[in-house]
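Please look over the sequence and the model before reading on.

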Amino acid sequence: MSQTFSDADIEEEQMHFSNVIATFQQYAQYSLAANNRRRKDIYTLSQDDKELLDGLGYRQKLQEVDKAILVNAEFLKLIVADPEIFGHDLDSTKDGDEEKAGCGALQDHSHGDLHSHSHSHPHHLHSHSHDHANVTPDLRAVNKHQRKYKPTDFDMDKLRSTLKQFVRDWSQEGKEERETCYTPMKDALVAHFSDKPSPESRKNIRVLVPGAGLGRLAYDIANLGFACQGNEFSHYMLLASYLILNRTDTIGQYTIYPYVHSFSNLPDREAMLCPVTIPDVLPSALPAGSNFSLVAGDFEEIYGTEYEEGDFEPQAGQWDAVMTCFFIDTAKNIINYLRIIHRILTPGGVWINMGPLLWHFENNATNDPSIELDLEEVKILARKIGFVISDEQTIETTYTSNSRSMLGYVYKTAFWTATKA
């Protein structure tokens, strides 16, 4: 059953998308102002204290941070140079020398990023299409709103998290974290389909990666020969992944400074000002004939639909594997997530999970429901729904962590392989 949306729903979506674009565009202004606060604080000190700071090179460090922020800003401008890829024809204000970062036919219908995951050959980018897929926004209303919109601290935190996600997914610096998380999942996938030992023999095995983020896990799976589709809800991630997957020509094409936004828990200046080059591999270098796509939208809306245009459960039994990495705790109702995963898998299909249980809607301020189970309850629920769980492990890992920082959070993540009974 195709879902219809009211004019208010459509307007809300357009405004949200416009807010995201405005957040990217106002990054420099916001971040430079935050850094300038530090300069103002110097003038509250005595002359002796000022001289001591000058001897440490503190003002010079602030200047270096300004320069790094401006480098980040140019990169972020590339990401939002063509928001029309999402079907939103926004004639936003741009600098005269801003480059065009890409064009395409991606249409996104995800409402908001209020609780997105923050623990922090051509690739076909498309989305689940709702009835309003081809609606053109009221440009005057949207642009007027965009000019007025002042990004919140929460908006900017999401943008900073996106920069750190680039490190995790597409840099040499993120390799250790990726290998800790992605390698066990990929190994389990290959082991489950051990009767298909070569990439050529896997081309008809369909793998879904919900919560794909910037797309590296889905890319790696496609690189193994599987037909892989990523699914992502966040506009921040979708815009950023489009640039890295479709508008990147060389390894190390972009340089970012993901850690310049906080001066806390730093052992030295380099820990904050270290540049990171991305990507570490060329996304377009997938083998000929690879099947890799990214679908924009809400997981439950797209894959949980039971009827559509007379077809019974269009997604039911269509996927040979579902890979969830730091994903299942984004659920409002974990029962529905597991039920959908079970339903869309083929008989004997495999669900490979890795992640914590940081329930994203716990104590939310938006009156959204939130079912928050402990790990044992999640596993009991999975068995009741029809999964046979095996190969259970606890894997300790960080998430978008600065390895040079004096502070780091380590997740004791739950890993398992589960087959559809």
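Helix α4 (residues 58-79) packs against α6 at an angle of about 90°, and their axes are 12 Å apart. That makes α4 roughly perpendicular to α6, a term for angles of 65 to 115 degrees. This is a predicted model, in which local features need pLDDT of at least 70, side-chain atom pairs count only at pLDDT 80 or more, and totals for chains, interfaces and linings use all residues. Residues are numbered from 1 along each chain as its sequence is written, and side-chain values use heavy atoms, leaving out hydrogens and water.

**Helices α4 and α6**
- On α4, the contact (heavy atoms within 4.5 Å) is made by N72, F75, L76 and I79.
- L159, L163 and F166 make the contact on α6.
- By class, six residues in the contact of α4 with α6 are nonpolar, one is polar and none is charged.

**Helix α8**
- Seven of the eight residues of α8 (residues 216-223) are buried, meaning under 20% relative accessible area with a 1.4 Å probe, protein chains only.
- The buried residues are R216, L217, A218, Y219, D220, I221 and A222.
- Their cover includes the helices α6 (153-170) and α7 (175-192).
- Strands β2 (206-210), β3 (227-232), β6 (292-296) and β9 (319-325) also cover buried residues of α8.
- Just after α8, G225 has a positive phi of about 105°.

**Residue P314**
- P314 lies in the loop between β8 (311-312) and β9.
- P314 counts as partly exposed because its relative accessibility is 31%, between the limits of 20% and 50%.
- The C-alpha atoms of P314 and I344 are 8.8 Å apart, while the two residues are 30 residues apart along the chain.

How values were computed:
Helices (H or I, at least four residues) and strands (E, at least two) are DSSP runs, numbered from the N terminus. Axes are lines fitted to C-alpha atoms, for helices over the stretch in contact, and angles run from 0 to 180 degrees between N-to-C directions. Angles under 35 degrees count as roughly parallel, over 145 as roughly antiparallel, 65 to 115 as roughly perpendicular and the rest as oblique. Ala, Val, Leu, Ile, Met, Phe, Trp, Tyr, Cys and Pro count as nonpolar, Asp, Glu, Lys and Arg as charged, and the others, Gly among them, as polar.
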